[in-house]
Amino acid sequence: MAVLFWVCAIVLVGTGIAVVGSRQPVHSVVGLIVNFAALAVLFLTLSAEFLAMMQIIIYAGAILVLFLFVIALLTVGNQPIETGEGRLAHQTVPAIAAGVAALVLIAFGVRTAWTQSAASPPPDLGTVPAFGTALLTTHVFAFEATAFVLLVSIIGVVLMAGRKEIRF
């Protein structure tokens, strides 16, 4: 089981890099599908069957279809994203700052996970009552922050689709 866990972890990191680094949006979505499937298998290695099924049904089934529709909506009749002079000039500093912040968060997460790896997971990990309790009590801020980020991204897509001159 530990080998499968590490294989899934390597696949998760590799497909995450492929999602961010791909020049074709459809290739990024395919990488994201593989990423979500590997995460579902990772949940299964932790005996969290409910989370694995929700990962496949909600994210791989619904969210990715939404991503494909948004990509199709934004790229109809447009030039490829990487064309044009200096298109990435104003995005370099925020991209580097976001990358450094992501590396710090990953290092903190790995360090935290490494120090807590001796403890076994709780016996009700992945069950519906435990998931609901954790989501609406201890992780309510992350749940609400995620909802806010999704709302902002929806507004951004609507604005980008409505105005032709704001394209990135």
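Where is the place of Ser47? Ser47 sits in the loop between helix 2 and helix 3. The model described here is predicted; local features require pLDDT of at least 70, side-chain atom pairs count only at pLDDT 80 or more, and totals for chains, interfaces and linings use all residues. Residue numbers start from 1 along each chain as its sequence is written, and side-chain values use heavy atoms, with hydrogens and water left out.

The protein chain has six helices and zero strands. Its elements run α-α-α-α-α-α from the N terminus on. Helices and strands are DSSP runs, numbered from the N terminus (helices: H or I, at least four residues; strands: E, at least two). Of the 168 residues of the protein chain, 13% count as buried. Buried means under 20% relative accessible area, exposed over 50%, and partly exposed in between (1.4 Å probe, protein chains only).

Ser47 counts as partly exposed because its relative accessibility is 44%.

Two helix pairs were examined. Axes are lines fitted to C-alpha atoms, for helices over the stretch in contact; angles run from 0 to 180 degrees between N-to-C directions. Angles under 35 degrees count as roughly parallel, over 145 as roughly antiparallel, 65 to 115 as roughly perpendicular, and the rest as oblique. The axes of helix 1 and helix 2 come within 8 Å and cross at roughly 160°. Helix 1 is therefore roughly antiparallel to helix 2. Their crossing is left-handed. That term applies if the near helix is turned anticlockwise from the far one by less than a right angle; right-handed applies if clockwise. For helix 3 and helix 6 (residues 140-162), the axes come within 10 Å and cross at roughly 25°. Helix 3 is therefore roughly parallel to helix 6. The crossing of helix 3 and helix 6 is left-handed.

Val3, Val7, Val11, Val26, Val30, Val34 and Leu68 make a nonpolar surface patch of about 540 Å². Patch residues have over 30% relative accessible area and no salt bridge; like charges are joined within 9 Å, and nonpolar side chains (Val, Leu, Ile, Met, Phe, Trp, Tyr) within 5 Å. A salt bridge is a side-chain nitrogen of Lys or Arg within 4 Å of a carboxyl oxygen of Asp or Glu. Helix 1 (2-21) and helix 2 (25-45) each supply at least two residues of the nonpolar patch. Val34 lies in helix 2. Val34 counts as partly exposed because its relative accessibility is 37%.

Ala18 lies in helix 1. Its relative accessibility is 36%, so Ala18 counts as partly exposed.

Gln55 lies in helix 3 (residues 49-74). Gln55 counts as buried because its relative accessibility is 6%. Gln55 and Leu39 are 16 residues apart in sequence. In space, Gln55 and Leu39 are 7.7 Å apart, C-alpha to C-alpha.

How values were computed. Areas by Shrake-Rupley, 256 points an atom, 1.4 Å probe, with all protein chains shown as cover.
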